[in-house]
Every structure is written in structure tokens, then in C-alpha cells.
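User: I am new to reading protein structures, and I would like to learn how to look at helices, surface patches and salt bridges. Could you take me through them one at a time?

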Amino acid sequence: MLTNFGHIGLYLIAAVLFTLLMLGIPIILRLIKVVPHHPNPIKNATFECGVDTIGKTWVQFNFRYYFYALVFLALDVLVVFLYPWAASLKTLGYGGLIGVLVLLFIAIVGYLYALRKKVLEWQ
Amino acid sequence: MIMSNLDLNNLGNLQKVLPPDWPGGFWWHWLVFTTIIINAVLILVMAFIYIERRGMGRMQSRLGPNRTGPFGIFQPVADAIKVLLKEDIVPDTADKVVHWLAPLIAFVPTLMIFAVVPFGAGWSLAGDLNVGVLYVTAIGSISTVGVFMAGWGSSNKYSLLGAMRNVAAVVSYEMPLVLSVASVVLLAGSLSLHEIVQAQSIPFILLQPLAFLIFFMAGCAEINRSPFDLMEADSEIVAGFHTEYSGMKFAMFYLVEYAEALALSALITTFFLGGWQGPLLPPNFQWLWFVAKVFIVFFVMVWTRTTLPRVRIDQLMGFSWKFLLPLSIINLIATAIQVLVLPEGSLWVMIPVNFTIAAVLILIGSNFFTPGRGRVEV
């Protein structure tokens with residue numbers, strides 16, 4: 001366990017360093033004048049689709065995404081309980097199955113409620 | 001003889017210094033496998049780009065890139081060099097720090113997934129990690145944060161729209177994905193990826209056909225592959241979250257896209273296709289089976305990309321919440337009952353049972369599910 005997470009932690013450091021190296025090469029190449037760097041206001045304007053952008057960018061987003069996020073939160077907590085159960089079902093036996101069915105039933109009632117309230121419809 | 005004795009003594013001393021549960025080859029193991037993984041990811045991504053461009057070309061009745069080297073195999077290398085020498089343009093109104101950090105945060109988690117994927121008997125950085133599946137699902141979702149940072153930091157409305165669609169897709173398809181892996185865990189009885197591979201005397205695609213289909217579709221939606229690629233739909237929102245990226249930072253997002261496809265192919269191979277297990281090859285060359293299966297899975301992904309048209313956002317969400325999620329829950333319960341009822345060692349009985357369940361569920365589900373029609377405001 002400790003060995004595994006030690007390896008993963010060191011690997012994380014290596015991965016971050018590797019990515020920084022990849023992102024750093026163009027900066028070094030720019031300093032030695034291989035990569036061009038000639039900014040001007042038109043080039044640095046927001047592209048969008050070629051026409052000048054109207055208003056500010058960080059506008060209010062579509063509220064429908066929020067419902068999906070709520071339903072997701074309610075259901076995804078379930079999975080945290082499902083994984084340990086799935087890994088040791090053979091030792092838990094029928095008692096474990098019935099416990100998880102009760103848990104699933106509660107989650108499914110919430111899901112059906114969301115479905116009946118037409119939260120999952122895109123309207 | 002004297003030399004080898006000395007070496008053994010040195011090794012013994014070294015092991016006394018280290019804590020008892022850290023093996024002697026700790027640093028070597030890390031160094032070798034980190035080098036192998038990062039290089040393998042880069043080389044396989046280049047191979048994937050080549051396969052995708054040539055394969056798509058063939059399927060669309062054209063040639064694809066064929067000028068750089070024999071059969072155009074050096075095209076990805078030429079692209080990499082070209083993109084390295086391009087000017088890096090950052091919009092004046094962009095959130096500079098977020099814009100700069102986004103490729104880093106998108107790429108590192110994708111690379112981290114490969115730490116637990118076994119590509120040979122005991123060949124992985126941490127393949128016997130006993131919470132491997134949980135680790136994969138947890139790490140795999142983090143690159144969405146990088147994508148959203150890219151959309152948010154670009155100060156571009158289309159980028160923001162693309163990033164929001166990406167988050168919505170990941171949030172919707174996370175549930176079927178995770179539930180279909182849970183039924184694999186039920187069969188294997190372990191969360192360790194290494195033990196899941198070793199449990200597959202019969203590949204789990206035969207025992208869990210429905211879980212395989214759900215995992216494949218949900219995975220394709222999570223990594224923005226066509227037909228679910230409407231977060232970078234060229235005809236609607238320019239290029240989605242990476243519209244304002246250029247030069248090396250754009251290349252990083254390109255790399256993330258294919259590294260995610262590689263991670264998904266590797267995970268499908270590990271969960272459903274028996275991982276590195278295969279006949280004929282000697283034990284030290286079984287990683288060739290792994291690579292071959294990864295390529296086959298990726299080829300199927302290219303195939304679906306060229307075959308199916310892009311879905312709309314309401315169809316994308318509806319397909320996950322009203323079709324895949326109920327099916328994966330029913331499949332999970334059915335698998336749990338089979339694991340409990342059937343005696344140990346009678347896995348082959350499950351093959352016809354599960355194929356029947358899959359066919360019946362898909363037929364019933366497709367009767368109840370209709371993709372949205374008419375105009376939709378997005």
C-alpha cells in the first residue's frame with residue numbers, strides 16, 4: 001500500500017515536471033528568437049467566430065445544467081457505497097445484497113421523482 | 001563470484017536501512033516504469049493520431065496524410081515540430097493564469113491513470129493498488145477541471161459554452177460508467193486492476209456484454225469522442241474550449257484528447273478484454289497482446305466516429321439519464337444475483353444468461369426511450 005502510493009506520488013511529481021517541460025520549451029525557444037513573438041491588438045483580440053465580440057464574456061449560464069448537477073450529486077454518493085460492497089459481495093452474501101437493494105431503492109425513488117417532475121427533460 | 005557476494009551484501013545493507021514494507025528496488029521500479037509509461041503514452045498517441053487520420057481518410061474515400069515518410073507515418077512528428085515553432089497567442093482579455101494552467105491540469109490526471117494499468121504480469125507502476133478502480137474513476141474526472149479552466153480563462157463565449165457542455169456530459173455519463181465498472185468488480189471480487197485481469201479466465205466482455213456497451217458509450221461521451229463531441233462541435237461553437245489556444249498549449253490539448261482515448265482503450269482492455277492475457281506469446285512478450293487489444297478498441301472508436309452523426313445536447317443528456325442509467329442499475333442487480341446464486345467456477349453459465357439480459361433490456365429500453373425531436377434552445 002505505502003509502496004504503491006509512494007510510487008504514485010513520485011510519478012505525479014514526474015508527470016507535472018514533464019508537462020511543465022513541454023510547456024516551457026516554446027518559452028525558451030521564444031527567448032532565443034526561434035519562435036516568433038509579435039503581439040498586436042487585433043491579433044490578441046478574442047477570436048469567437050471572427051466578428052468583434054459583444055458584451056462581456058462571463059455571462060449567466062443556462063440554468064438547466066444545474067438540475068443535472070443536483071441529480072448527479074444525489075446519485076453519485078451512492079457509488080461510494082457500491083464499490084466496497086461489490087468487491088466483497090461473495091463474503092457478505094444475501095444480507096449485503098438486501099442492504100444495497102434498500103439503498104438503491106431510496107436512490108431510485110429520488111431518480112423517479114426527478115423524472116416525474118420533468119427535471120431530466122431539456123425544455 | 002566474489003563480486004556477486006559483495007553485491008548481495010550491499011543489497012542486504014540497503015534493505016536494513018529502508019522500512020520493512022519498502023522493497024529494495026523501490027527507486028529502480030519507479031524510474032523504469034515512469035520512463036516506460038511516459039514514452040509509451042507519447043508513442044502510442046502518435047500512432048493513434050496516424051491511425052485516426054489514415055483510417056478516417058479511408059472510410060471517407062480519400063487518402064489521408066501520405067507524404068511525410070513511407071505511408072505518411074512521420075506526419076504526427078512533423079505536426080509536433082510545426083506546433084512547437086508556432087507563436088503563442090493569448091487574448092488580452094483572457095484570465096492569464098487560468099489560461100496558462102489549464103493544459104497542465106488537463107494533462108497530468110490523464111497521465112496519472114496509466115500508473116495503475118497493468119500491461120504484463122506484474123508489469124505496472126502500481127497495478128496491485130487495492131483501490132485501483134476507485135483511483136481510476138477519481139483521477140479520470142479531474143481533467144474536466146482543466147477543460148473548464150480553458151473555457152473559462154479564454155474570455156470567449158463559445159469556449160465557455162463548450163466547457164459547460166463538457167462538464168454536463170461528464171456529470172451525466174459518470175453514473176453509467178461507474179455502475180458498469182461496478183458489475184465488473186462484482187465478478188472479479190476485487191478493486192485491484194491486476195486482480196481483475198487475473199480473474200478473467202473468460203474475458204468479461206462475454207460475461208458482461210451490456211456493461212461493456214455502456215462503458216464504451218459512456219467513456220466515449222466523457223472524453224468528447226464523436227458522436228458525443230458536441231463540446232468541440234466545429235459547426236456550432238468554432239472549436240469549443242480550445243478556440244483561443246495556439247502553439248504548444250494547443251498541442252497539449254490535442255495530446256490530452258488522444259491520451260484520454262488511449263486511457264479509455266487501456267481501461268476497456270483491462271476490464272473487459274482480458275488485459276495482457278492471451279495465447280501463444282511467451283510471458284515476457286504478453287504486453288504485445290495488451291497493445292494489440294488497445295489498438296483494436298481504438299479502431300472501433302474511429303469507426304464509430306466516421307459512422308455516426310453528432311447528437312444534440314438534449315439527446316446527449318436524455319440518452320444518459322433515461323436510457324443508460326436505468327439499464328446499468330438493472331444490469332448491476334442482475335449480476336449481483338448471478339454471482340450469489342451460481343456456484344463457484346460455473347462462469348460459462350453466465351454467458352447465455354447475460355447475453356439474453358442484454359438483448360431484452362436493450363429492446364425494452366429502446367421502446368421507452370425516444371430522442372428529442374424538433375427545435376431545442378441551447
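**Reading the features step by step**

Analyst: Let us begin with a network: B:E52, B:R225 and B:R305 are linked by salt bridges. Please keep in mind throughout that this is a predicted model.

User: How many salt bridges does a search of the whole structure find over all chains?

Analyst: A salt bridge is counted when a side-chain nitrogen of Lys or Arg is within 4 Å of a carboxyl oxygen of Asp or Glu. Over all chains, the search finds seven. One of them joins B:K249 and B:D88, whose closest N and O atoms are 3.6 Å apart. This pair links distant parts of the chain, with B:K249 in helix α12 of chain B and B:D88 in the loop between α3 and α4, 161 residues apart.

User: Which residue forms a salt bridge with B:D229?

Analyst: The partner is B:R310, and the closest N and O atoms are 2.9 Å apart. B:D229 lies in the loop between α10 and α11 of chain B and B:R310 in the loop between α13 and α14, so the pair ties together parts that are 81 residues apart in sequence. Here B:D229 is buried, at 9% relative accessibility, and B:R310 is partly exposed, at 32%.

User: Where do the buried residues of α15(B) fall when seen down its axis?

Analyst: First consider the helix itself, which runs over residues 350-368 of chain B and reaches 27 Å from its first C-alpha to its last, close to the 27 Å expected. Its buried residues are B:M350, B:N354, B:A358, B:L361 and B:G365. Seen down the axis, they fall within an arc of 75°, so they line one face of α15(B). These buried residues pack against α7, α9, α10 and α14 of chain B, while the face turned away from the buried side carries the exposed residues B:L363 and B:N367.

User: Which helices each supply at least two residues of the nonpolar patch?

Analyst: They are α1 of chain A and α3 of chain B. The patch covers about 1000 Å² of surface, and among its residues are A:I27, A:L31, B:F74 and B:I73. B:I73 sits in the loop between α2 and α3 of chain B, and it counts as partly exposed because its relative accessibility is 40%.

Key. Residues are numbered from 1 along each chain as its sequence is written. Chains are lettered from A and ligands numbered from 1 in the order in which they are written. This is a predicted model: local features need pLDDT of at least 70, side-chain atom pairs count only at pLDDT 80 or more; totals for chains, interfaces and linings use all residues. Side-chain values use heavy atoms; hydrogens and water are left out. Helices (H or I, at least four residues) and strands (E, at least two) are DSSP runs, numbered from the N terminus. The expected span of a helix is 1.5 Å times one less than its number of residues. Buried means under 20% relative accessible area, exposed over 50%, partly exposed in between (1.4 Å probe, protein chains only). The arc is that of the directions from the helix axis to the C-beta atoms. Contact means heavy atoms within 4.5 Å. Patches are made of residues with over 30% relative accessible area and no salt bridge: like charges are joined within 9 Å, nonpolar side chains (Val, Leu, Ile, Met, Phe, Trp, Tyr) within 5 Å. Accessible areas come from the Shrake-Rupley method with a 1.4 Å probe; for residues, only the protein chains shown count as cover.
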